[in-house]
Amino acid sequence: MLSRTAENLYWLARYVERAEYLARTIDATLRVTALPAAYIGKTNEWDSALLTAGVAESFYRTHEEANEHNVVDYLSFSADNPSSIRNCIEAARLNSRSVRTALTSEMWDTINSAWIELQAVWSKGTSTREDLAKFLRFVQETSLRFDGSAYRTMLRNDAYWFSRLGLHLERADNTARILDVKYHVLLPEEEHVGGPLDFYQWSSILRSVSALTAYHWVYRETLKPWLVADLLILNGTLPRSLASCYDNLVRNLDQIGVAYGRQGPAQRHARGIRNRLEHSNMNDIFQRGVHEFIQEFIADNSRLGEIITKQYLI
Amino acid sequence: MAVAFDEMNIPGGDLRPAYQELARWLKETPPEALEYRRQEAELLFRRIGITFAVYGDSESTERLIPFDVIPRIMSGKEWARLENGLKQRVRALNMFLRDIYHGREILRAEIVPDDLIFQNPVFRPEMNGQQVPHDVYVHIAGIDIVRVDAEDFIVLEDNARTPSGVSYMLENREIMMRLFPDLFARHRVAPVERYPDELLAALRSVAPHGASGEPTVALLTPGVYNSAYYEHSFLADKLGVELVEGRDLIVKNNEVFMRTTEGLKRVDVIYRRVDDDFIDPLTFRPDSVLGVPGLMSAYAAGNITLANAVGTGIADDKAIYSYMPDIVKFYLGEEPILKNVPTWRCRESKDLAYVLDNLSELVVKEVHGSGGYGMLIGPAATKATIEAFREKLKREPEGFIAQPTLALSTCPTCTASGLAPRHVDLRPFVLTGSKSTTIVPGGLTRVALKEGSLVVNSSQGGGTKDTWILDE
């Protein structure tokens, strides 16, 4: 297939995934900030929402202080924020238009309808909490519909695999970013500087990656920070864990390699990261430092993006 | 202006035969039902994303072309005559182009004046002596047809460069079949859906001689911001070929390749929807980022077929248009089946004098204009507009032609105040491959939605209709 088509499919999936992640981040932050201050401590949750979205620097260039009003607007609707939800949906539709021939009609319909709704219903942002909740649900449902229609209707060929690569790379990045911002509340008890108040932080993290229920199924325990970290990093059964994303990335890259009769640096690099995750346990990670581990992962993950681009997309 | 010929109603109350069943159906169908279907159609168009861009319109970069749900109907007999006329016309266009870029017999016979060719910016000296596969220059032609009475078909304009609109012909039919299955059941409408197959067959038949048995075809688009982008992606999808942009193609050793995830892949035939001027920055406009550097040298080497060929603009130029009846006679020795609109060439002083004296009666068009831009419709224009135009015309008479205002035929159309006659034209699409010329029965009917308006261009408030040819 055309390199440009593959590139568009890859970015299309990334934009949709990012939009959903932003919606979840806002949703989870709203829940935490709705609690009385005594339960969450003095941290500015809107500030950390910006950090997990990776847009804190650009935000503070034009804003003094982060609060619900301006962060929700910046993450959801701002035209100045290149990865606001609105811009993600706009970019997703533009990408879809340029690769219409590679999309199934269900996928196109999902993106195009979302884009139409964005203009028709959400062009002025949201004014009430209720509105905002509706908007966030709309974004998450768009992502689910898109993902579902890709899964159910696309031929299992390179177009599908490139789209999945985008999805899993973006997802791994998002999960890692949450961990990067919140790692300090995930340290084992003896090293921990916070207190029981952090319970709400943990559940908020899980909620933002839709893993709160999963946690209870997997561990059958009350929330424990190191188990939260274990779930998000190493647990292969949770779709948003780093391990799970890499299982998928390695599989999709292998499928491309087989179809094209050729392996390359992308396959090797992805396998390297997957093997490191497979041979890690939380004890080692805490020993070496969660923060360092996550930062290294984020760098490795974005390096994979560059390698894929060079090998296939240009 | 005389009362226009209506394609459904005969003055005195009778109906023309092709419309009898439709008229019965309209009588049985309540107006609300029609309005409901109209809204449904609009929703479908928007959801599918069948939009076009209007240049210079920053408000809404994507718009829908209004769709009128009342079909325009022609009998099989009428179509047969039109079809023969179209084939004849396109054969002549191709022979004319082959002659202009080789022996130039028509110039030596003094049928067409030299300077109209050689001083014409759309004449491409790069094509002199260049062989194109099977001597086909115009693979896809869109010939704009109007009617003024029950007998004749008149050619308003030949489009031999990159005619658009065929996706509307196909989508309009799809949507009509979805919305009005009962109406189809009461008619025998000739299908149009084989157009993509015929187009692909035509394109493959003209692959360069060195191409493999399974030539690779690609559709070259200027990109998502082009007004006809929807059509490009629609056609690429229906043809099952790659939709490429200039940056996806690369020329190496005079062969054309596309960049794929598996490396470079050779392309044999390019159905290009990029104008000559932009197609190769090394040959034409150096500032073009839409084209492919080196494409013209691959073309000269005979390694790629471009459809349509480069330089076809010389055949559909409005200045050449007035010579078309002579061109048909010259190459085919036949009387033209389709008529031309009588045309005054402002470059000729006698014609110019007449035109200047009768501006308020005439339609004056720029020789190199298109899309209905920059033309004067005398009867509809204010005095001031006419005077301004007069100055323009005096300054550069060779840039204009003039024609009488035609009373274009009308068809019943949904309007705010119920069904009413509105002026229409028709663009059928004529395909030419190595062996044959084919036309799917139908075309794009454009309708001027404003009462009394004669401008059917979508960029100026025109809409479209499904076009039915009855298979009797």
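**Fold and chain contact in a predicted model**

Among the contacts in chain A with a separation of 6 or more, 70% are made by residues 24 or more positions apart.

The secondary structure of chain A consists of 16 helices and zero strands. With a radius of gyration of 19 Å, close to the 20 Å that the globule rule gives for 314 residues, chain A is as compact as a globular protein of that length. Along the principal axes, its C-alpha atoms fill a box of roughly 55 × 50 × 35 Å, and buried residues account for 47% of the 314 residues in the chain.

Where the two chains meet, 18 residues of chain A are in contact with 17 residues of chain B. On the side of chain A that touches chain B, at least two residues each are supplied by helix H1 (3-33), helix H6 (85-98) and helix H7 (105-121), and the largest share, five residues, comes from H7(A).

Leu227(A) lies in helix H12 (residues 225-233) of chain A, and is partly exposed, because 18 other C-beta atoms lie within 10 Å of its own, whereas a buried residue would need 20 or more. Leaving aside neighbours within four places in sequence, Leu227(A) is in contact with Tyr219(A) and Glu221(A), while the C-alpha atoms of Leu227(A) and Tyr215(A), twelve residues apart along the chain, are separated by 8.4 Å.

Key:
Residues numbered from 1 in each chain as written. Chains lettered and ligands numbered in written order. Predicted model: local features only at pLDDT ≥ 70, side-chain atom pairs only at ≥ 80, totals over all residues. Contact = placed C-beta atoms within 7 Å. Helix = DSSP H or I, 4+ residues; strand = E, 2+ residues; numbered from the N terminus. Rg over C-alpha atoms; globule rule 2.2 N^0.38 Å. Buried ≥ 20, exposed ≤ 12 C-beta atoms within 10 Å, placed from the backbone.
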